[in-house]
Amino acid sequence: MTEQVSIAEWSRKSWVESANDPACGFPLQSLPYCVFAGEDDRARCGVGIGALLLDLQRCSRSGLFEGLPGEIQAACGSRTLNSLMACGAAAHASLRGRLMDLLDKRADAATRDAVRAALSPMKDAALLKPVDSANYTDFYASIHHATRVGRLFRPDQPLLPNYKFVPIGYHGRASSVVVSGTPVRRPRGQTRPAADGVPGFGPTRFLDYEIEVGVYISGGNTLGEPIAIGHADEHVFGISLLNDWSARDFQSWEYQPLGPFLAKSFATSVSPWVVPAAALAPFRVPPSPRPAGDPAPLPYLCYTGDQNSGAIDLSLDVFLLTSAMRAAKQAPHRLSRANLRDLYWTPAQLIAHHTSNGCNLLPGDLLATGTVSGTEDDSAGCLLERTRGGAEPILLPNGESRTALEDGDEVILRGSCRREGFPQISLGECRGTVLPAV
Ligand code: CA
């Protein structure tokens, strides 16, 4: 994510007219990657441009990527983005540069004809899970989330003493990461014992969402060799939306002493689009200043470049659509809005910390930020916070209320970067509907 912002690059327009609408979110400068079902139903790598989808395999086969590194041409023919993520930063830049040239308004008629044959409407496409991540790690990088949740369980000491030194995280479950649109089955599990001392077992009664941002790793590191924070950004391929579904009643019973387990591992939803790091360059900002008196990060988590522009100005919204709202054709109701820039730890710090003991990250590994919350109540990124542990139900416009998700509820995450003078960059949507327990 070290790209400089070039005004010339950011004022380029595309001959795909829908990409030039400032509100579209998929301009020439974004070109988010995805995987979709092709005409033959086989998974294909693609790129979003305006209201259209570009088939990378088709581009490669028709010679449009001639002269690019062989590894990147081969990667464009695979069924996930993993091979692309395994290529080096120079290869990524060469593909991005070629795609921008092919779709640029200045492209000649012959080029446009060749590219047009690989374009199809985005709205008709079946978007698939973009990456098979071998590993998924979930962090806890929002101090506002950590404080609000901590206050529920430890009013006297909401933040544990390690929080301001250690980017807290746990190893999540990669096998249950699903793409947006996949229904989420209400899980069964153990809950805290009642008076008889015997735990209950059954469907969760406190199903929750957590709005997070997923960071996909490119390259990776050799086992035993940490990634220095000054090089961490080079290992960020791109980002997406992520919903860390959580069963709070299971979590509060099982989490001590080793942390989350079955309360989290039943499903994690990701958006189908992976927005490349280069598309985020104009939206890089300094991290929110640490409160006065907070310790400076230890040297291995400190880097001038990261302190100057390690955060991302990315607005994140959560919407809820209940069965009743859907039946009445009502619009989803926004539950919260927060900004990624308010995290206590930057993506580079998460990567540097994760590998500081020599742990190896693999191409395609997924690192999630943790629930993104701000300081205000309406910026709280999960129901646990929004309802203060279930004590204060949220009233919906149609008269329904919620302290936890009910069967049929659909959670919709959206995210976008906006800045005066630049086209909007959308992360798309991450959706999931709750199915009844088996
Ligand atoms: Ca989480």
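Biologist: Which protein donors hold the calcium ion?
Modeller: This is a predicted model. In it, the protein donors of the calcium ion are Asp138 (OD), Glu210 (OE), Glu212 (OE) and Asp244 (OD). They lie 2.2 to 2.4 Å from the ion.

Biologist: What spacing do the donors follow along the chain?
Modeller: The spacing is D-x71-E-x1-E-x31-D. Asp138 sits in strand S6 (residues 136-139) and Glu212 in strand S13 (residues 211-217), so this pair ties together parts 74 residues apart in sequence.

Biologist: Is Asp138 buried or exposed?
Modeller: Asp138 counts as buried, because its relative accessibility is 2% and the cut-off for buried is under 20%.

Biologist: And Glu212, buried or exposed?
Modeller: Glu212 is buried too, at 0% relative accessibility.

Biologist: New topic. How many cavities of 30 Å³ or more are there?
Modeller: The structure has 1. The largest cavity holds about 40 Å³ of space.

Biologist: Which residues line the largest cavity?
Modeller: The lining is Pro287, Gly310, Ala311, Ile312, Leu340, Arg341, Leu343, Trp345, Thr346 and Pro347.

Biologist: How does that lining divide by residue type?
Modeller: It divides into 7 nonpolar, 2 polar and 1 charged.

Biologist: Now the domains. Where does the domain assignment put them?
Modeller: Domain 1 is 7-128 and domain 2 is 136-435. Their centres, taken over C-alpha atoms, are 29 Å apart.

Biologist: How many residues does each domain give to the contact?
Modeller: Domain 1 gives 26 residues and domain 2 gives 22 residues.

How values were computed:
Residues numbered from 1 in each chain as written. Predicted model: local features only at pLDDT ≥ 70, side-chain atom pairs only at ≥ 80, totals over all residues. Heavy atoms only, no water. Donors = N, O, S within 2.8 Å, 3.2 Å for Na, K, Ca; no water. Helix = DSSP H or I, 4+ residues; strand = E, 2+ residues; numbered from the N terminus. Buried < 20%, exposed > 50% of the residue type's maximum accessible area, 1.4 Å probe, protein only. 1 Å grid on protein atoms, 1.4 Å probe; cavity = no way out; pocket = protein on both sides within 12 Å on 5 of 7 lines; lining within 4 Å. Points joined across faces, edges and corners; volume = space filled by probe spheres on them. Nonpolar A, V, L, I, M, F, W, Y, C, P; charged D, E, K, R; others polar. Domains from an automatic or database assignment. Contact = heavy atoms within 4.5 Å.
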